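Please view the model alongside the text.

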Amino acid sequence: MQAHEIKDIPQSTPAFLIDKDKVSQTLHYLRLLKQRSQCKVLFSIKSLPLTAVMKQTLTVVDGFSVSSLFELRLAREVASGRADLHVTTPGLKVDEFDALATLSTAISFNSLEQYRQFKPFLKEDFSPGLRVNPELSFVEDNRYDPCRAFSKLGVPLSQLSAQLPEGIEGLHFHTLFGSHSFQPLQQTMAKIEAQFSASLRALKWINLGGGYLFDSEEQIAPLIDLVTQIKRQYALDVFIEPGNGIVGAAGFLVATVIDCFLREGKTVAVLDTSVNHNPEVFEYQRKPLLIEEVLTGEHSAILVGCTCLAGDIFGEYRFNKPINVGDRVTFSHVGAYSLIKSNRFNGYNFPDIYTFDDSTVRKIKTYDYAHYREQWLT
Ligand SMILES: *Cc1c(COP(=O)(O)O)cnc(C)c1O
């Protein structure tokens, strides 16, 4: 499927589309990683817990990583019996712990306090781990930085000794977002090895988190080397748990221009979608990529959403022809953290959801007034 053809796929808009070939491409690199290093791979479903995608990833991944009981229940339902299901969250609650421990294969406790609290309730066939904060920041924006000052995510290495608490079988860290490079990971592992060299050998597993992208054989070579070396040295299972790396580039949001006018000399084009179908655009004031944009184009338009919020704006884009009512536009790289954060603010419906590959297009989900009513009728 050519990029410019994607906007012609949906019968109506707004529509959220997943390119299954693109997901397969990433899964291909993850398969190589597994074959060459024996790394275990989990899909972090919080980025897009769409079961069609989860099932597709299961052709390669060993299981799922989840952050809540609802995610875990969905993961359990989709996964085959022997899948690895890892939980980590700052949100463990007493009344949910039994179900979490029963349905998952490992929980990485987010603090020593919670480990102590829940240790008496741990069962036999269950693997307790500890999420650590390596205190090495690689993310510029501290809203994304698990190693920021006063971070709530994981136990800081400086608060741990060389000896891990008794009963802990695994270590977990997650410090990156959208990284093409494995250099930060190498640096983080070096710090962890320096502190825990003796206790790593006694562990059953280490989970290197997510935030990684996979785009070529050469690019993943350093990861293969690192995992191979860790496994050789410490004889433990090594996990990674990407989310965005699997679905981010595979997602598209197609919208139609429903109104168009001039404001102080600039063209403003109103779309039949809004930032509520991709809330990070507003949260992080980020301009999403648009397939139809021509950076050298002579025409420009501010693309805005159709809700009452004045700041419901995608950004100003350039085109080689004027934008008109009825035109379709396609945001790309919106597979992760868009649909899952979508809402029906102003009563505007969710987009229809499609999957496609080179030969097949499937509309897999639509929502209607009944779904909206069900949510709000009390
Ligand atoms: C969000 C998250 C991931 C996945 O991150 P991506 O950037 O989507 O790859 C993995 N592990 C943990 C602990 C996370 O919080």
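Contact here means heavy atoms within 4.5 Å. Leaving aside neighbours within four places in sequence, glycine 167 is in contact with Tyr115 and Pro128. Glycine 167 and tyrosine 115 are 52 residues apart in sequence, yet 9.8 Å apart in space, C-alpha to C-alpha.

This is a predicted model: local features need pLDDT of at least 70, side-chain atom pairs count only at pLDDT 80 or more, and totals for chains, interfaces and linings use all residues. Residues are numbered from 1 along each chain as its sequence is written, and side-chain values use heavy atoms, with hydrogens and water left out.

## Two loop residues

Helices (H or I, at least four residues) and strands (E, at least two) are DSSP runs, numbered from the N terminus. Glycine 167 sits in the loop between β7 (155-156) and β8 (170-172). Buried means under 20% relative accessible area, exposed over 50%, partly exposed in between (1.4 Å probe, protein chains only). Glycine 167 counts as partly exposed because its relative accessibility is 36%.

Serine 338 belongs to the loop between β15 (328-332) and β16. Is serine 338 buried or exposed? Serine 338 is buried, because its relative accessible area is 1%. Beyond its neighbours within four places in sequence, serine 338 is in contact with Phe16, His277, Asn278 and Pro279.

## Helix α1

The expected span of a helix is 1.5 Å times one less than its number of residues. Helix α1 (residues 20-37) has 18 residues, so it should span 26 Å; its end C-alpha atoms are 25 Å apart, which agrees. Aspartate 19 caps the N-terminal end of α1, with a side-chain oxygen 3.0 Å from the backbone nitrogen of aspartate 21. Just after α1, glutamine 38 has a positive phi of about 60 degrees. The buried residues of α1 include Val23, Leu27, Leu30 and Leu33. Among the partners that the buried residues of α1 pack against are β1 (15-19), β2 (40-44) and α7 (217-234).

## Domains

Domain bounds come from an automatic or database domain assignment. The protein is divided into domain 1 (3-17 + 248-376) and domain 2 (38-242). Their contact takes 13 residues from domain 1 and 10 residues from domain 2. Buried area is the accessible area (1.4 Å probe) that two parts lose on being put together, summed over both. Domain 1 and domain 2 bury about 930 Å² between them, 67% of it on carbon and sulfur atoms. Tyr284, Tyr337 and Ile340 supply 54% of the area that domain 1 buries against domain 2, more than any other three residues.

## Salt bridges

A salt bridge is a side-chain nitrogen of Lys or Arg within 4 Å of a carboxyl oxygen of Asp or Glu. The count comes to 12 salt bridges by this rule. Across the interface of domain 1 and domain 2 the rule finds 0 salt bridges.

| Pair | N to O distance |
|---|---|
| Lysine 40 and aspartate 84 | 3.2 Å |
| Lysine 266 and glutamate 316 | 3.2 Å |
| Glutamate 280 and arginine 286 | 3.1 Å |

Lysine 40 counts as partly exposed at 23% relative accessibility, whereas aspartate 84 counts as buried at 14%. Lysine 266 is partly exposed, with a relative accessible area of 37%. Glutamate 316 is partly exposed at 33%. Glutamate 280 is buried, with a relative accessible area of 6%, whereas arginine 286 is partly exposed at 34%. Glu280, Glu283, Arg286 and Lys341 are linked in a network of salt bridges.

Note on methods:
A polar contact is a pair of N or O atoms within 3.5 Å; within protein, one must be able to donate a hydrogen and the other to accept it, and residues adjacent in sequence count only if both atoms are side-chain atoms.
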